[in-house]
Amino acid sequence: MASDQSNGDVLRNGEFQTCELTPLGSNYTFVASLQLGDQTGQAIYKPRDGEVPLWDFPRGTLYKREYGAYLLSEVLGWDFIPRTIVREGPYGIGSVQQYVDHDPRMNYYTLSDGDAEDLRMICCFDLVANNTDRKANHVLVDEQGKLWGIDQGLTFHSDTKIRTVIWDFGGEPIPEKYLSSLTTLLGQFINPGGQFKELLELLLPEEVIALQKRIQWVLSERAFPGIPGRRRRH
């Protein structure tokens with residue numbers, strides 16, 4: 001099996017061998033095959049020029065938000081978004097995300113109670129990132145049973161508009177380990193560096209302020225919001 005570093009090298013520097021358009025989603029999304037020397041890999045490529053204009057998101061920014069979501073997950077240490085970069089491809093600049101081998105028949109609705117802890121992490125992330133598009137098939141299960149979250153392009157809007165299929169934990173306390181990570185992150189706004197600085201530079205000034213306020217809100221509430229009757233797991 002290729003090392004994590006090798007996978008990253010292929011993603012960043014590999015040459016596009018094939019690029020097949022998928023029928024899913026309103027934006028142009030391609031499954032690409034990459035090759036770097038004798039190493040190969042698959043990726044999901046979403047070019048900026050394939051984004052359908054939206055009335056509520058700045059045009060041509062969704063690929064940056066895909067990358068920004070990955071950066072946020074890395075800064076928090078929440079390993080559930082596949083490695084994502086921004087680079088040039090056959091149809092111009094866009095996000096390129098490592099492909100996750102998975103069973104397409106499995107999604108949020110087929111998960112078991114054993115996946116609840118990982119779902120709590122994803123749910124907490126979506127509150128902070130202001131994910132407006134967490135659908136059932138945006139939660140994947142790989143061949144080792146690990147949960148992954150994909151399609152984070154509609155994130156970081158300055159207006160709170162969270163839309164998610166995950167309402168399992170309404171009213172439950174957010175686990176302390178996630179609150180601790182958010183507390184640490186909140187302190188980094190004073191003097192951001194590294195990946196967090198890179199994330200903030202991707203966002204509009206009002207989106208940076210809103211991100212900070214959402215973190216403060218989550219830390220103040222310390223519990224998952226919810227809709228009565230929507231809980232599915234205990």
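Asp 49 counts as exposed at 60% relative accessibility, where exposed means over 50% relative accessible area, buried under 20% and partly exposed in between (1.4 Å probe, protein chains only). The model is predicted: local features need pLDDT of at least 70, side-chain atom pairs count only at pLDDT 80 or more, and totals for chains, interfaces and linings use all residues. Residues are numbered from 1 along each chain as its sequence is written, and side-chain values use heavy atoms, leaving out hydrogens and water.

**Salt bridges**
- A salt bridge is a side-chain nitrogen of Lys or Arg within 4 Å of a carboxyl oxygen of Asp or Glu, and the count by this rule is 13.
- Asp 49 pairs with Arg 48 in a salt bridge (3.5 Å, N to O); Arg 48 is partly exposed at 36%.
- In the salt bridge between Lys 161 and Asp 56, the closest N and O atoms are 2.9 Å apart.
- Lys 161 lies in the loop between strand E7 (147-149) and helix H4 (176-187) and Asp 56 in the loop between strand E3 (39-47) and helix H2 (62-76), so the pair ties together parts 105 residues apart in sequence.
- Helices (H or I, at least four residues) and strands (E, at least two) are DSSP runs, numbered from the N terminus.
- Lys 161 is buried at 15%, and Asp 56 is buried at 15%.

**A salt-bridge network**
- Salt bridges link Glu 117, Arg 120, Glu 172 and Lys 177 in a network.
- Glu 117 is partly exposed at 30%, while Arg 120 is buried at 14%.
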